[in-house]
Amino acid sequence: MQNVVAIDPQRREEPPDLVERCRRGDRAALEAVLTAHAPYLERLLGRVVGPRAEVEDLLQATLAAAISAFPRFRGEAQVRTWLARIAVRTAHDHLRRAEFRKRGELPSLEAVPDGEGDGRRAEDRLDAQQRAARLYEHLQAIGPKKRIAFLLHIVEGHPIEEVAALMGASKPATKSRIFWARRELMKRAARDPWLKTLAEGNEP
Amino acid sequence: MIRPKCMRAGSLIAARSAGLSRADGLWLEEHIAGCAHCASEAALMSGVVAVAESFEPELSVAARTRAVREALRTHAAGAQAAASAPSFGLAWGAGLAGAVAIAALVVVLAEGGEPGDARVAEAPKDGHGGVAAAVQAPSGEVARLLAGERVRMSTRTQVTLDHAAVELAPQSEAQWNAKTHELSLPQGELLAEVDPKPRRPFAVVTPDFRAEVLGTRFEVTQSSVVVLRGRVRVVAPSGEQRAVLNAGERYDHVVEAALEPEPAEPVSALGARERVNVAALLTQARDALAAGELDRSRRAIDSVLAAKPRQTARAEALTLRAELFEVQGDRGSAIAAYLEVASRFRNLAAGENALFAAARLERNEAKAQQLLSQYLERYPRGRFVVEAKYRLERSAP
């Protein structure tokens, strides 16, 4: 059994010794932990910024920040939650940047990849990406903090407490952000036919 | 003016994804039935969730691997610079190499957490009562894996056997024996999820060991087993038990004979052991690269190439050589080596990866654009299409 070491991407809590090795900058431990959580972080980042090409860059920035911050990780939260917090902060900073605002257009529909397969599946995927791009066009009009809180709570299903923890905000502030994001979306639904169709309970 | 009841309804509508208590759910249903505004908001939020969830953000495994690799490299380079160490190349290389070593693991772990593109087809019974499996590749191509038949798929593929779902990594080979419930894996790696209910045995057999399962989710490469759920027993070909792994544990197989950089006997005389040695040497080359032991890695790569291995192993060895150049900071040689892989193995995933890697490394903007355009032309449905288009747009004047 000497070749056996602990590594489990499915388990939410890492073994303490693995975390300790990460704190010390042990490369193997860092690789194991980052690799295990990368899909979750990628999904979270993708959810926050929408169907964009920058997800890989953001994932990389998140992981780099995590490696640098590991020595200061106190173990008060699970590694996954801690990494998610870094990812949310990275995404937030990214969304805030003026440069991003300038070239904030979502990928044009022509540029949307047509999936890896032919036929119905590729069409479905294209269709899903187009609709997601459209939705994120609307969400882009909402401030980053409100938008992130909205997406984490309403789409990702994180309870208010978790959203507050992920965003480093108080519960009342988080509730307020979600409230104003909802309100903004309802306002836009009154003006935009596509959103209106959604609000009428129909699939656009 | 917003009524207090509508305020509460709004919060509950927002919290639906996180889960409502039965009482809250009933109260909300009742309120929505009599309030047009809240009904409209509830529909909008459901629509938003449905649209957002219908598109799963997904990076290719290679992109995830690259992100981990670059993050480690950046960190290593930063640490090195902070320590004012003279050898930037080594730190940079160690970071890159570290990620190279886990590349194979990433392939399975990263995609194992979330289902990939491949769709699973139901396993039909063959005409003789034996179990066959339907294999469906991401391209939609369907092939039947009959008992005893060996398959080799170029892309990531899911196979449904009678009581197990198996995800084969690209370029893996597999053969299903329905009688013994054994899946042979002469080459490549897989992630298996076995339903424990049928209480039937299931095993994955590689040339070096056999992983027996009682009901679990586990990953097998040519040199390791990682158990994600359940228990797995690893047995040597001689029948000797090597390890019993619980969830979260990993077994690494070490081929002692292959650790020597120079084979003790002529490569052509190795016969059956040749394949084992090539696989082990490739592992050794990756591990050495990860550890920053560049000379050892180079020796292992040379040994693989000298053994005149099969196409996939040759492509991997040449890719490792390109990465070695990259680690050394020799950008020109790395690009040339990647382009060689891209040109010689254009029909393999390695060729596609190499072409994109060359484009990423190329600092001359015009040449980089040319390589990206070449990539898009050659692989219009490739895994880096979005990134290639994005890079092209970004670099456009």
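I began with helix α7 (residues 144-155) and helix α8 (residues 160-167) of chain A, whose axes come within 9 Å and cross at roughly 140°. That angle makes α7(A) oblique to α8(A). I noted the model as predicted. The crossing in which α7(A) passes α8(A) is right-handed. On the α7(A) side I listed A:Lys145, A:Ile148, A:Ala149, A:Leu152 and A:His153 as making the contact. On the α8(A) side the contact residues are A:Ile160, A:Val163, A:Leu166 and A:Met167. In an α-helix there are 3.6 residues a turn, so residues three or four places apart point the same way.

**Chain A overall**

I then looked up the make-up of the chain. Chain A has 10 helices and one strand. Read from the N terminus, its elements run β-α-α-α-α-α-α-α-α-α-α. Chain A has 204 residues, and 54% of them count as buried. I also checked the contacts in chain A between residues at least 6 apart in sequence, and 61% of these join residues at least 24 apart.

**Helix α2 of chain A**

At the start of α2(A), a side-chain oxygen of A:Asp26 reaches to within 2.9 Å of the backbone nitrogen of A:Ala28. After α2(A) comes A:Gly50, with a positive phi near 90°.

Is α2(A) mostly covered or mostly open? I found it mostly covered, with 20 of its 23 residues buried.

I looked at A:Leu34 as one residue of helix α2 in chain A. Its relative accessibility is 0%, and A:Leu34 therefore counts as buried, the cut-off being under 20%. Leaving aside neighbours within four places in sequence, I found A:Leu34 in contact with A:Leu63, A:Ala66, A:Ile67 and A:Leu83. I also took the distance from A:Leu34 to A:Val79, which is 9.9 Å from C-alpha to C-alpha. Those two residues are 45 residues apart in sequence.

**α2 against α3 in chain A**

At what angle do α2(A) and α3(A) pack? I read about 135° for α2(A) and helix α3 (residues 55-69), with the axes 9 Å apart. α2(A) and α3(A) are therefore oblique to each other. α2(A) passes α3(A) in a right-handed crossing. From α2(A), the contact is made by A:Leu30, A:Leu34, A:Ala38, A:Leu41, A:Glu42, A:Leu45, A:Gly46 and A:Val49. From α3(A), I listed A:Val55, A:Leu58, A:Leu59, A:Thr62, A:Leu63, A:Ala66 and A:Ile67.

**A:Thr90**

I moved on to A:Thr90, found in helix α4 (residues 79-96) of chain A. A:Thr90 is buried, with a relative accessible area of 14%. A polar atom of its side chain lies 2.7 Å from the backbone oxygen of A:Ile86. Which residues does A:Thr90 contact, leaving aside its neighbours within four places in sequence? I found A:Leu58, A:Ala61 and A:Thr62.

**Chain B**

I turned to chain B, which has 13 helices and 15 strands. Of its 397 residues, 51% are buried. For contacts in chain B with a separation of 6 or more, residues 24 or more positions apart account for 45%.

I looked up the pair formed by helix α8 (residues 294-306) and helix α9 (residues 311-328) of chain B. Their axes come within 9 Å and cross at roughly 155°. α8(B) and α9(B) are therefore roughly antiparallel to each other, since angles over 145 degrees count as such. I noted the crossing of α8(B) and α9(B) as left-handed. Contact residues of α8(B) include B:Leu294, B:Ser297, B:Arg298 and B:Ile301. Those of α9(B) include B:Ala313, B:Arg314, B:Ala317 and B:Leu318.

My last entry is B:Val194, in strand β8 (residues 190-194) of chain B. B:Val194 is buried, at a relative accessible area of 4%. B:Gly230 is 36 residues from B:Val194 in sequence, and the two are 9.5 Å apart in space, C-alpha to C-alpha.

Technical notes. Residues numbered from 1 in each chain as written. Chains lettered and ligands numbered in written order. Predicted model: local features only at pLDDT ≥ 70, side-chain atom pairs only at ≥ 80, totals over all residues. Heavy atoms only, no water. Buried < 20%, exposed > 50% of the residue type's maximum accessible area, 1.4 Å probe, protein only. Helix = DSSP H or I, 4+ residues; strand = E, 2+ residues; numbered from the N terminus. Polar contact = N/O pair within 3.5 Å; in protein donor to acceptor, adjacent residues only side chain to side chain. Axes fitted to C-alpha atoms, helices over the stretch in contact; angles between N-to-C directions. Parallel < 35°, antiparallel > 145°, perpendicular 65-115°, else oblique. Left-handed = near helix turned anticlockwise from the far one by under 90°. Contact = heavy atoms within 4.5 Å.
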